[in-house]
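Keep the sequence and the 3D view side by side.

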Amino acid sequence: MMYEAEYADLHEAVLKNNYPNLSRRELLTAVAGAGGAMLFGPAWLNAAADGLGPRVAQVVSETIGIDMHNHVHPAGTESHPQQGPPRRQEEQQQAPALSMAEEIKQSGLTAVCASYELDFAPNNKPGDARDNFLRWLTAIDAQLEKDHMRRALNLKDLQTAHDHGQPTIVQSVEGAMFIEGRLERVEEAYKRGVRHLQLLHQQDDMVSPLGDVITSAPHLGGLTAMGAEVVKECNRLGIVVDLAHARPETVLGALKVATQPVIVSHTGLDSRTGGNPRMAAMMKPHLISKERAKVVADAGGVIGVWTKLADSPKEFAENIKAMVDAVGIDHVGIGTDTDLLSPRVGQGTNRAWAALTGGFFYAVVDEMLLQGFTPDEIGKVGGGNFCRVFGKVTAGHA
Ligand SMILES: [Zn+2]
């Protein structure tokens, strides 16, 4: 296996606490207390409608449920501007006008990290990626205003959103190609509400690439000098660094310069062979080894389990279980990579599971309870762990 020795060295440093600024548990208590006194509101009604028990409703109500990687998009825009599958005509006709707030609410989650595949938008010359990015943020601004929503900028915002039953988003982007060698653009994004930056997706930044990605042959030597600057700038500003789609050597480089925990928002263990075989083969390069996942975890981070490797809530919960066994209950989260969370809406082109008849998070909680997870464990995986990292990274920032 590649980079085994380097990962082992880094792991040793992490375990010896040479890794800077780590404090794995400091926010666990605060997050665990949040929302404990919630009354059964819409969560109860939705769960009842789905034929799920009050226990599911209770766990959903008490959890700040978060999808660490979601492509929810403003009405009238596509999440995959160029390469996305066209919607079937009947889906378009049936599609009710549902707000972003309603979609998140019906899923049972409190928040999604709202991401955008920047390299899938037309990108012909330097400047295009930044223009596309700013246009996307403006579209989100408009949708949020229409839905009377705000972006979550810190942990308190997530707690408030949860306590008031008012959904929110953490603004993210998939592939930070808008930077184009200009570090000040990270702060520009921060000022527009970005608090979660997935450095890489599939294409390189046209001006100054940040690191090697898993879907291309390595040619940059892992994390580039610019990539390292961006990681440091995110740490300085209070933006969560997401290393999904990064090659092992890129992750290694980022962990070496990071002063805050990082996340890998959507992946799975490379030892998992279950689920849809076609999907599993296609996704193989995206998967993470137990050893690498453990380094991210022991540096305080969180690994998001992808719904794309599971054909049902049952398989999804099994994949969560495998990840928990590998890295521990405090380091696992959910990263769906879907664009719609509630199949009840009936217009999803990229929903988690076609057979799902109710809200996504209700089904996941129901299945996790069935498989023996405690409510406390579900709270951690369902969003508490992300909250810990988000709280730590954004602490002391506006
Ligand atoms: Zn992705």
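Two residues are in contact if their C-beta atoms, placed from the backbone, lie within 7 Å. The model is predicted. By that contact criterion, and leaving aside neighbours within four places in sequence, Val240 touches Arg195, His196, Ile263, Val389, Phe390 and Val393. Val240 sits in strand β5, residues 240–242. Take one of its partners, Ile263. Ile263 is 23 residues away from Val240 along the chain, yet their C-alpha atoms are separated by 7.5 Å. Is Val240 buried or exposed? The cut-off for buried is 20 or more other C-beta atoms within 10 Å. Val240 has 28 C-beta neighbours inside 10 Å, so Val240 counts as buried.

Next, a pair of helices. Helix α9 spans residues 184–191, and helix α10 spans residues 225–237. Their axes come within 10 Å and cross at roughly 35°. The crossing of α9 past α10 is right-handed. Which residues make the contact? From α9 come Val186, Glu187 and Tyr190. From α10 come Val230, Glu233, Cys234 and Leu237. Sorted by class, this contact holds five nonpolar residues, two charged residues and no polar ones.

Last, strand β1, residues 66–70. Why is β1 described as largely enclosed by the rest of the structure? Because five of its five residues are buried. β1 pairs with strand β2, residues 111–114. The pairing is parallel and runs over three bridges. In one of the bridges, Asp67 has Val112 of β2 as its partner.

Technical notes: Residues numbered from 1 in each chain as written. Predicted model: local features only at pLDDT ≥ 70, side-chain atom pairs only at ≥ 80, totals over all residues. Helix = DSSP H or I, 4+ residues; strand = E, 2+ residues; numbered from the N terminus. Buried ≥ 20, exposed ≤ 12 C-beta atoms within 10 Å, placed from the backbone. Axes fitted to C-alpha atoms, helices over the stretch in contact; angles between N-to-C directions. Left-handed = near helix turned anticlockwise from the far one by under 90°. Nonpolar A, V, L, I, M, F, W, Y, C, P; charged D, E, K, R; others polar. Pairing = 2+ DSSP bridges.
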